[in-house]
Amino acid sequence: MVKKLPPLNWLRTFEVAATTMSFTAAARELGITQSAVSQQVRLLESHLGRPLFHRLPRGLRLTEAGDALLPLLGDAFTQIANGTAEIFGDLARVRLMVRATTSFAALWLVPRLARFRARHPDIEFRLTSSIWAADYPDPAVDLEIRYGTGRWSGLKSDRITWDELFPVCSPDWANGPQRMTRPEDLGRRTLLHVFGFRDGWPEWLAKAGLTDKIDGASGLEFDLGLAALDLAERGVGVALGRTCYAAERIAAGRLIEPFRIRLPTDEAFYLVSAEGRPSTAAAVAFRTWVLEEAATARRQG
């Protein structure tokens with residue numbers, strides 16, 4: 001069993017020699033001498049404890065071990081080349097890496113991205129998502145969207161949501177025998193919870209004066225707001241919507257707000273970046289655009 005990775009130059013030399021089936025051709029491609037190619041291949045064979053070539057009077061032939069190793073190395077070097085080109089390839093391109101929580105990305109950010117793209121077609125945008133923010137920012141990420149109070153050590157933040165919490169359910173429950181007309185009707189429905197937020201069903205029920213009538217801890221729990229809204233739309237239960245998550249689905253008629261009781265919440269989503277880190281032109285453009293979108297969304301309620 002090989003316990004230590006051989007030097008990459010040995011592996012690369014073998015891969016070129018095995019592809020060309022010639023130490024001379026490999027030497028020309030790699031810009032080294034034929035004797036250097038031969039030496040590096042022998043060092044690799046010694047390291048692996050197996051011959052990789054049959055040295056024939058008129059050429060080379062791969063051994064069984066060499067034949068097994070070649071496609072492995074070919075795939076590996078191709079992946080390295082493609083990854084390097086993707087990250088560092090065309091330096092003239094403007095790249096921007098943004099990370100956001102999964103539900104916020106799907107429910108608020110992605111539906112608006114076409115407008116950012118129309119304004120900045122030159123910016124190559126990459127969005128990654130996570131359920132909750134990491135304790136420490138990823139240095140590869142230019143900007144991150146986090147949920148909380150806006151106070152994180154070493155980060156500067158801009159608030160982008162001002163949310164209220166309110167029940168949402170399927171439009172099918174607007175009429176007929178399943179119709180909900182009073183908050184007390186929630187007692188015969190399944191409550192859909194999203195954990196990780198400070199405020200939830202117990203706080204909303206307290207505002208509605210229903211703490212003693214409805215168990216605010218009962219129901220189904222999820223770590224994705226997106227999952228709770230999807231199930232509410234399908235008539236599985238009642239989700240506690242927040243403005244930034246539910247507004248678009250309500251406007252599209254996919255969800256309804258059965259009661260006009262809303263609970264403001266002090267926590268919000270923030271656009272954050274590392275303090276002291278110079279902002280790229282792409283990051284500045286994205287921040288400007290996001291804050292404009294946030295201001296518009298706040299005016300529209």
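This is a predicted model: local features need pLDDT of at least 70, side-chain atom pairs count only at pLDDT 80 or more; totals for chains, interfaces and linings use all residues.
Student: How many disulfides does the structure hold, and what makes a pair of cysteine sulfur atoms a disulfide?

Tutor: The structure holds zero disulfides. A pair counts when the two sulfur atoms lie within 2.5 Å. The cysteine sulfur closest to that of Cys169 belongs to Cys244 and is 19 Å away, which is too far for a bond.

Student: How do you know whether Cys244 is buried or exposed?

Tutor: The same cut-off applies, under 20%. Cys244 has a relative accessible area of 10%, so Cys244 is buried.

Student: Which residues of helix H9 are buried?

Tutor: In H9, residues 243-251, the buried residues are Thr243, Cys244, Tyr245, Ala246 and Arg249.

Student: What covers the buried residues of H9?

Tutor: The cover includes helices H5 (102-109) and H8 (225-233), together with strands E7 (164-168), E10 (238-242) and E12 (268-274).

Student: Which residue just after H9 takes a positive phi?

Tutor: That residue is Gly253, with a phi of about 80 degrees.

Student: Where does UniProt place the feature "domain: HTH lysR-type", and what is the helix content of residues 6-63?

Tutor: An unreviewed UniProt entry places that feature at residues 6-63. The span is 62% helix and 14% strand, and its end C-alpha atoms lie 19 Å apart.

Notes: Residues are numbered from 1 along each chain as its sequence is written. Side-chain values use heavy atoms; hydrogens and water are left out. Buried means under 20% relative accessible area, exposed over 50%, partly exposed in between (1.4 Å probe, protein chains only). UniProt positions are given in the numbering used here, feature names are shortened, and annotations may be inferred rather than shown by experiment. Helices (H or I, at least four residues) and strands (E, at least two) are DSSP runs, numbered from the N terminus. Contact means heavy atoms within 4.5 Å.
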